[in-house]
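Work through the exercises below with the structure in view. Try each task before reading its solution.

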Amino acid sequence: MRENGSWNPLWDQLHEWDPVWTEQFMKTATAPWKSGILEPKVIELLCIAVDAACTHMYSSGVRRHIRAALELGATREEILEVLKLATVVGIHACNIGVPILAEEVTAHEQRYAGLG
């Protein structure tokens with residue numbers, strides 16, 4: 001990954017502390033490119049989704065994979081669709097937070113209804 005420019009410098013410390021595990025992880029992470037099962041463009045689109053997802057938000061990776069996807073023939077519309085799909089992961093914050101907010105607002109209003 002260092003050779004092709006996809007190494008994240010944030011992994012340096014991990015690699016220093018546990019090089020065997022880090023190398024095993026990197027082999028797993030790069031396996032899709034070597035297996036030939038998925039087309040490279042599809043792999044790049046998946047990588048865009050993973051890097052752009054709210055659980056990852058790795059902008060350098062998003063940029064690198066968008067460039068690679070474009071070079072492999074992906075269209076702006078395909079990449080935009082992937083980004084829109086990746087945003088769905090973040091909706092869970094609303095799925096969890098909005099009902100709790102509604103409950104707490106109701107409870108707050110009930111606690112202070114008689115004080116006004």
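Two residues are in contact when heavy atoms of theirs lie within 4.5 Å. The model used here is predicted.

**Exercise 1.** Find which residues of α3 meet which residues of α5, and describe how the two helices pack.

Solution. 
Step 1. Locate the helices: α3 covers residues 40-52, and α5 covers residues 76-87.
Step 2. Apply the contact cut-off. On the α3 side the residues are K41, L45, I48, A49 and A52, and they meet E78, I79, V82, L83 and A86 of α5.
Step 3. Sort these residues by class: eight are nonpolar, none is polar and two are charged.
Step 4. The axes of α3 and α5 are 9 Å apart, at an angle of about 40 degrees, and the crossing is right-handed.

**Exercise 2.** Decide whether α3 and α4 are roughly parallel or roughly antiparallel.

Solution. 
Step 1. Take the angle: the axes of α3 and α4 (residues 59-71) cross at roughly 160 degrees and come within 9 Å.
Step 2. Compare with the cut-off: angles over 145 degrees count as roughly antiparallel. Therefore α3 and α4 are roughly antiparallel to each other.
Step 3. List the contact: E44, L45, C47, I48, D51 and A52 of α3 meet G61, V62, H65, I66, A68 and A69 of α4. By class, these are eight nonpolar, two polar and two charged residues.

**Exercise 3.** Describe the largest pocket and the residues that line it.

Solution. 
Step 1. State the volume: the largest pocket holds about 630 Å³ of space.
Step 2. Count the lining: 23 residues, with M1, W33, C47, R64 and H65 nearest the centre.
Step 3. Assign elements: α2 (19-35), α3 and α4 each give two or more residues to this lining.
Step 4. Classify: the lining has 13 nonpolar, six polar and four charged residues.

Note on methods:
Residues numbered from 1 in each chain as written. Predicted model: local features only at pLDDT ≥ 70, side-chain atom pairs only at ≥ 80, totals over all residues. Heavy atoms only, no water. Axes fitted to C-alpha atoms, helices over the stretch in contact; angles between N-to-C directions. Helix = DSSP H or I, 4+ residues; strand = E, 2+ residues; numbered from the N terminus. Parallel < 35°, antiparallel > 145°, perpendicular 65-115°, else oblique. Nonpolar A, V, L, I, M, F, W, Y, C, P; charged D, E, K, R; others polar. 1 Å grid on protein atoms, 1.4 Å probe; cavity = no way out; pocket = protein on both sides within 12 Å on 5 of 7 lines; lining within 4 Å. Points joined across faces, edges and corners; volume = space filled by probe spheres on them. Left-handed = near helix turned anticlockwise from the far one by under 90°.
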